[in-house]
Amino acid sequence: MRIAVTGSIATDHLMTFPGRFADQLVADQLHTVSLSFLVDNLDIRRGGVGPNICFGMGQLGGHPILVGAAGYDFDEYRAWLDRHGVDTGSVRISEVLHTARFVCTTDKDHNQIGSFYTGAMSEARQIELKAVADRVGGLDLVLIGADDPEAMLRHTEECKTRGIAFAADFSQQIARMDGAEIRTLLDGATYLFSNEYEKGLIESKTGWSDDEILGRVGHRVTTLGSRGVRIERAGEPVIEVGCPEEDAKVDPTGVGDAFRAGFLTGLSWGVGLERAAQVGCMLATLVIETLGTQEYTLRRANFMERFVKAYGHEAGAEVQAHLA
């Protein structure tokens, strides 16, 4: 399968302040706040839902096609993704804007002050999927992840017009979008991804019940945190898959992206929904054990040992044939 992943491309600039923000705030002067925090460290991480998902697919041996917009400062990030099996040939490079950036300072109480710079992400709306499909010889599936909202709507409409199967995965943008936009993004999707909270928010904003939504999408994939994932199809038995045991819980950032990477890769292998979900849960477990969304290393022997422990020898034999 040729799978394109659309979504934000960003870098995270994370800083730590050794004190407490609350100690620096004067109650009767909050209308004229002017503060500067001397931080102890700066951690710059690669991020964005598009690259996070593609990186995971590349770790599993896939060759995903990243579709999104980045700035003229993207060269080093591009080289990293290229080295890890990601096709970056369809990334639009802005001539005037930096790559999107999240800048955040965290104090000793884990309170955060952050800013998100959209930057080049706003140009994703100018990308046409036909050009991507023509370049790679056609597309079998497009995952439409959180991105510039106009880009998400354009990609969805183009998939529908051109008859390309798509997965709706709007996650962080749900809060920004209204019911009409969400209905457009999910209607006709082959897969609809969300977590439990987002599932309820989608139903609330669209005004559609769970059954109505199931009637409009092929598969509803709901991640359940430490309880794994649930896959629903209209008129079919529910599939539920649990998570492998964690060695440590270091950082949950990017866990959902890793699940999607494993699930999509499993689909491309043709191993079936349950097995694909198991691959996704195993990859997500590696990410929660690591600080950073693209800092983990998939050691195949270790991956398979843990996979077999969690899901059994029959499941392991089926996955091993593709992972090797």
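**View A. Strands S2, S6 and S7 side by side.** Seven bridges join strand S2 (residues 10-16) to strand S6 (residues 100-106) in the parallel sense. Across this pairing, Leu14 faces Cys104 of S6. On S6 there is also an antiparallel pairing, over six bridges, with strand S7 (residues 112-117). Here Thr105 is the residue opposite Ile113 of S7. Five residues lie between the strands in the hairpin of S6 and S7, and His110 takes a positive phi near 70° there. Strands are DSSP runs of E with at least two residues, helices are runs of H or I with at least four, and both are numbered from the N terminus. Two strands count as paired if DSSP finds at least two bridges between them.

This is a predicted model, in which local features need pLDDT of at least 70, side-chain atom pairs count only at pLDDT 80 or more, and totals for chains, interfaces and linings use all residues. Residues are numbered from 1 along each chain as its sequence is written, and side-chain values use heavy atoms, with hydrogens and water left out.

View B. Leu30 sits in the loop between S2 and strand S3 (41-47). Its relative accessibility of 49% makes Leu30 partly exposed, the class between buried (under 20%) and exposed (over 50%), with a 1.4 Å probe and protein chains only.

View C. The structure holds 11 aromatic pairs. Phe17 and Phe21 are stacked because their ring centres are 5.9 Å apart and their planes meet at 5°. Both Phe17 and Phe21 are buried. Rings of Phe, Tyr and Trp (its six-membered ring) pair if their centres lie within 6.5 Å; planes under 30 degrees apart are stacked, over 60 edge-to-face, and the rest tilted. Elsewhere, Tyr191, Phe193, Phe259 and Phe263 make up one aromatic cluster. Arg46 lies over the face of Trp80, 3.8 Å from the ring centre, and Arg216 lies over the face of Trp208 at 4.1 Å. For a charge over a ring, NZ of Lys or CZ of Arg must be within 6 Å of the ring centre and within 35 degrees of the ring normal.

**View D. Salt bridges between side chains.** A salt bridge has a side-chain nitrogen of Lys or Arg within 4 Å of a carboxyl oxygen of Asp or Glu, and the count comes to 25. With a relative accessible area of 31%, Arg20 is partly exposed, whereas Asp23, at 51%, is exposed.

Asp148 and Arg125 form another, with their closest N and O atoms 2.7 Å apart. This pair links distant parts of the chain, 23 residues apart: Asp148 is in the loop between strand S8 (141-145) and H4, Arg125 in the loop between S7 and helix H3 (129-136). Asp148 is buried at 4% relative accessibility, while Arg125 is partly exposed at 31%. Finally, a network of salt bridges links Lys199, Glu203, Asp210 and Arg220.
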